[in-house]
Amino acid sequence: MSEHFEGGYNAIERKEEPATKVFVEVGTNQLPVTFMAKREFKGNEMYVGIDTDAEMVRFARHATEEGQNATFIEARGEQLPLKDGSVDEIFFGNVFGAPRIPEHKKTKFLDEAERVLKTGGSLVIKETNTPPDFAKLTKLFAGRNLHEERKLTPKDKEWVEELRKYEDLGLMTDNSSYLVFLKKITAQ
Ligand SMILES: C[S@@+](CC[C@H](N)C(=O)[O-])C[C@H]1O[C@@H](n2cnc3c(N)ncnc32)[C@H](O)[C@@H]1O
């Protein structure tokens with residue numbers, strides 16, 4: 001187990017039977033996918049929403065319909081309170097492109113995504129606001145246990161259908177927007 005989790009709180013622990021499908025969103029702001037995309041997490045599915053800003057965590061929780069397996073916590077994307085290999089999908093929406101996030105944190109976000117994902121799990125990066133240069137972003141993927149599977153832009157026919165899983169349409173999306181899907185390829 002990595003130093004990030006050791007002895008810490010595990011956001012995925014549940015009293016009842018363990019969740020078999022875990023979706024983690026980092027940088028929810030007040031607009032988590034449970035609200036923006038009306039995603040529901042029930043039965044064996046579980047959602048964990050994370051933000052560094054306590055007020056945003058409160059707003060995001062409040063914006064989410066009750067009766068779901070959804071947990072909102074104040075934590076940092078570079079030190080996730082999650083066990084190694086415990087997550088099916090980790091999603092960062094407009095976080096890599098957020099103007100105040102320095103490059104060294106982006107590297108840490110990827111380290112953590114790689115650590116917490118199950119083998120075969122997905123990392124999804126959505127940039128519809130102020131997208132960082134894609135070539136620069138892909139350099140951060142090099143040499144990792146993360147394989148870039150797909151990149152979508154508004155020109156692709158699947159764009160609307162895929163984007164709808166993560167946000168309401170027509171916010172600030174323009175032709176520089178993208179969605180990128182990476183897969184954790186082997187166990188660490
Ligand atoms: C531009 S908002 C993203 C809003 C929304 N997810 C979207 O798709 O538009 C960026 C969010 O990332 C959060 N954030 C900034 N640094 C973070 C970090 N190190 N770990 C987790 N969240 C962070 C900010 O508090 C803010 O709520």
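Two notes on the model come first. Residues are numbered from 1 along each chain as its sequence is written. The model is predicted, and local features need pLDDT of at least 70, side-chain atom pairs count only at pLDDT 80 or more, and totals for chains, interfaces and linings use all residues.

I start with the overall layout. The chain holds five helices and seven strands. Here helices (H or I, at least four residues) and strands (E, at least two) are DSSP runs, numbered from the N terminus. Read from the N terminus on, the order of elements is β-α-β-α-β-β-α-β-α-β-α-β.

Of the 188 residues of the chain, 35% count as buried. A residue is buried if 20 or more other C-beta atoms lie within 10 Å of its own, exposed if 12 or fewer, and partly exposed in between, with C-beta atoms placed from the backbone.

As for contacts, two residues are in contact if their C-beta atoms, placed from the backbone, lie within 7 Å. Among the contacts in the chain with a separation of 6 or more, 78% are between residues 24 or more positions apart.

Next, the sheet. In what order do the seven strands of the open sheet lie? The order is β3-β2-β1-β4-β5-β7-β6, and the pairing is mixed. The edge strands, each pairing on one side only, are β3 (70-74) and β6 (146-152). On average, neighbouring strands of this sheet are turned by 20° against each other, direction ignored. For that angle, axes are lines fitted to C-alpha atoms, for helices over the stretch in contact, and angles run from 0 to 180 degrees between N-to-C directions. Two strands pair if DSSP finds at least two bridges between them. In general, strands of a sheet pair through backbone hydrogen bonds, either parallel or antiparallel.

Strands β2 and β3 run parallel and are joined by five bridges. Across this pair, Y47 stands opposite A70 in β3, and V48 has T71 in β3 as its bridge partner. β2, helix α2 (residues 54-62) and β3 form a right-handed β-α-β unit. Right-handed means that, with the strands pointing away from the viewer, the path from the first strand over the helix to the second runs clockwise.

A70 deserves a stop. Is A70 buried or exposed? A70 is buried because 24 other C-beta atoms lie within 10 Å. Leaving aside neighbours within four places in sequence, A70 is in contact with T34, F41, Y47, G49 and T64. The C-alpha atoms of A70 and I12 are separated by 9.8 Å, and the two residues are 58 apart along the chain.

Now two backbone details. Most residues other than glycine have a negative phi. K38 is not a glycine and yet has a positive phi of about 50°. K38 sits in the loop between α1 (33-36) and β2 (45-51), and K38 counts as exposed because there are 10 C-beta neighbours inside 10 Å. N94, also not a glycine, has a positive phi of about 55°. N94 lies in the loop between β4 (87-93) and α3 (103-116). N94 counts as buried because 21 C-beta neighbours fall inside 10 Å.
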